[in-house]
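The following exercises concern a single protein model.

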Amino acid sequence: MGMLAALYAAPFALLVVRAAADVWRHPAIVPQRLGTRGLAQVLSTSGSAWPALRNSLLVALATAALALLLAWPASRVLARGAPRVRVGLLVLIALPLLVPPLAVGHGLSTWLLRWGLADSLAGLVAAHLVYVLPYVAVLLAAGFTARVTRLEEAAATLGASRASRLRHVTVPAVAPALAFALLLGFLVSWSQYGTSLAVAGATPMLPLLLVPFVQHDPQVASTLTLLFVAPPLLALTVAARWGRHR
């Protein structure tokens, strides 16, 4: 376990060193000079890192929450519906995953322009939802087992209303699947690059800001990468704790 943890931690440790290396020229094994130039540029008020971080968080959270609402009935059908209905619904939901994101993004941009949602956060949420919804629906469907159905039927027999069954029976029973469906939805939206570039390339988003720095400024790119991985790690921790508690 220690060796496995070290393998996972090594790339992050290298990112920390690269983010602090003001000068690191080949073939030197260690940086020639350490500093905070990369951090200063990321934290600069004239930069777009904070607007990009804010937009990415808003879009990812809104997309995951909306995907959960839309996937809830679909997940019940995928879990307990008739076989033909389940297969047809799964194919329909998963179709966008068979096409490159950039191609789907270009197709979506045409409709978003017609609806007046191009280069907007609402348009980004709609575009990301196309990719997030299949993952959330499939993962959430794993939580709707026959045991959950029996618990709901027992609660109904005892006189519980539909809202009461949802609050006190269904949600606690599917809490682990619910937590990780939300986590996966957040991660899929958070890492969207091609779709965001095609739909709203002028809107500051963290992946769009990060990629150009990889070519010409590795120090800033490493600093932005550390900023990029922080929210997913926090979301993973919260989801794991909440799902285990439930």
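**Exercise 1.** In which helix does L224 lie?

*Solution.* L224 lies in helix 12, which spans residues 218-245. Helices (H or I, at least four residues) and strands (E, at least two) are DSSP runs, numbered from the N terminus. The model is predicted, so local features need pLDDT of at least 70 and side-chain atom pairs count only at pLDDT 80 or more, while totals for chains, interfaces and linings use all residues. Residues are numbered from 1 along each chain as its sequence is written, and side-chain values use heavy atoms, with hydrogens and water left out.

**Exercise 2.** State whether L224 is buried or exposed, and identify its contacts.

*Solution.* Step 1: the relative accessible area of L224 is 2%, so the residue is buried. Buried means under 20% relative accessible area, exposed over 50%, and partly exposed in between (1.4 Å probe, protein chains only).
Step 1: leaving aside residues up to four places away in sequence, L224 touches V42, A49, L209, L210 and F213. Contact means heavy atoms within 4.5 Å.
Step 2: L206 is 18 residues from L224 along the chain, and their C-alpha atoms are separated by 8.1 Å. For T145 and A127, also 18 residues apart along the chain, the C-alpha separation is 30 Å. T145 belongs to the loop between helix 6 (121-141) and helix 7 (146-157).

**Exercise 3.** Describe the two salt bridges of the structure.

*Solution.* Step 1: apply the criterion, a side-chain nitrogen of Lys or Arg within 4 Å of a carboxyl oxygen of Asp or Glu.
Step 1: R37 and D217 meet this criterion through their side chains, at 2.9 Å from N to O. The pair links distant parts of the chain, 180 residues apart: R37 is in helix 2 (residues 37-42), and D217 is in the loop between helix 11 (206-216) and helix 12. R37 is partly exposed, at 36% relative accessible area, whereas D217 is buried, at 11%.
Step 2: R76 and E152 form a salt bridge whose closest N and O atoms are 2.6 Å apart. Because R76 lies in helix 3 (residues 49-80) and E152 in helix 7, the pair ties together parts that are 76 residues apart in sequence. R76 counts as partly exposed at 26% relative accessibility; E152 counts as buried at 12%.

**Exercise 4.** How many aromatic pairs are there, and why is the pair F186 and W190 stacked?

*Solution.* Step 1: rings of Phe, Tyr and Trp (its six-membered ring) pair if their centres lie within 6.5 Å; planes under 30 degrees apart count as stacked, over 60 as edge-to-face and the rest as tilted.
Step 1: the count by this rule is four aromatic pairs. The ring centres of F186 and W190 are 5.6 Å apart and the planes lie at 15°, so this pair is stacked.
Step 2: F186 and W190 are both in helix 9 (residues 175-190), four residues apart, about one turn of the helix. Both are buried. Ring pairs join F186, W190 and F228 into a cluster.

**Exercise 5.** Summarise the overall architecture of the protein.

*Solution.* Step 1: the protein has 12 helices and two strands, in the order α-β-β-α-α-α-α-α-α-α-α-α-α-α from the N terminus.
Step 1: of its 246 residues, 38% are buried.
Step 2: among contacts between residues at least 6 apart in sequence, 73% join residues at least 24 apart.
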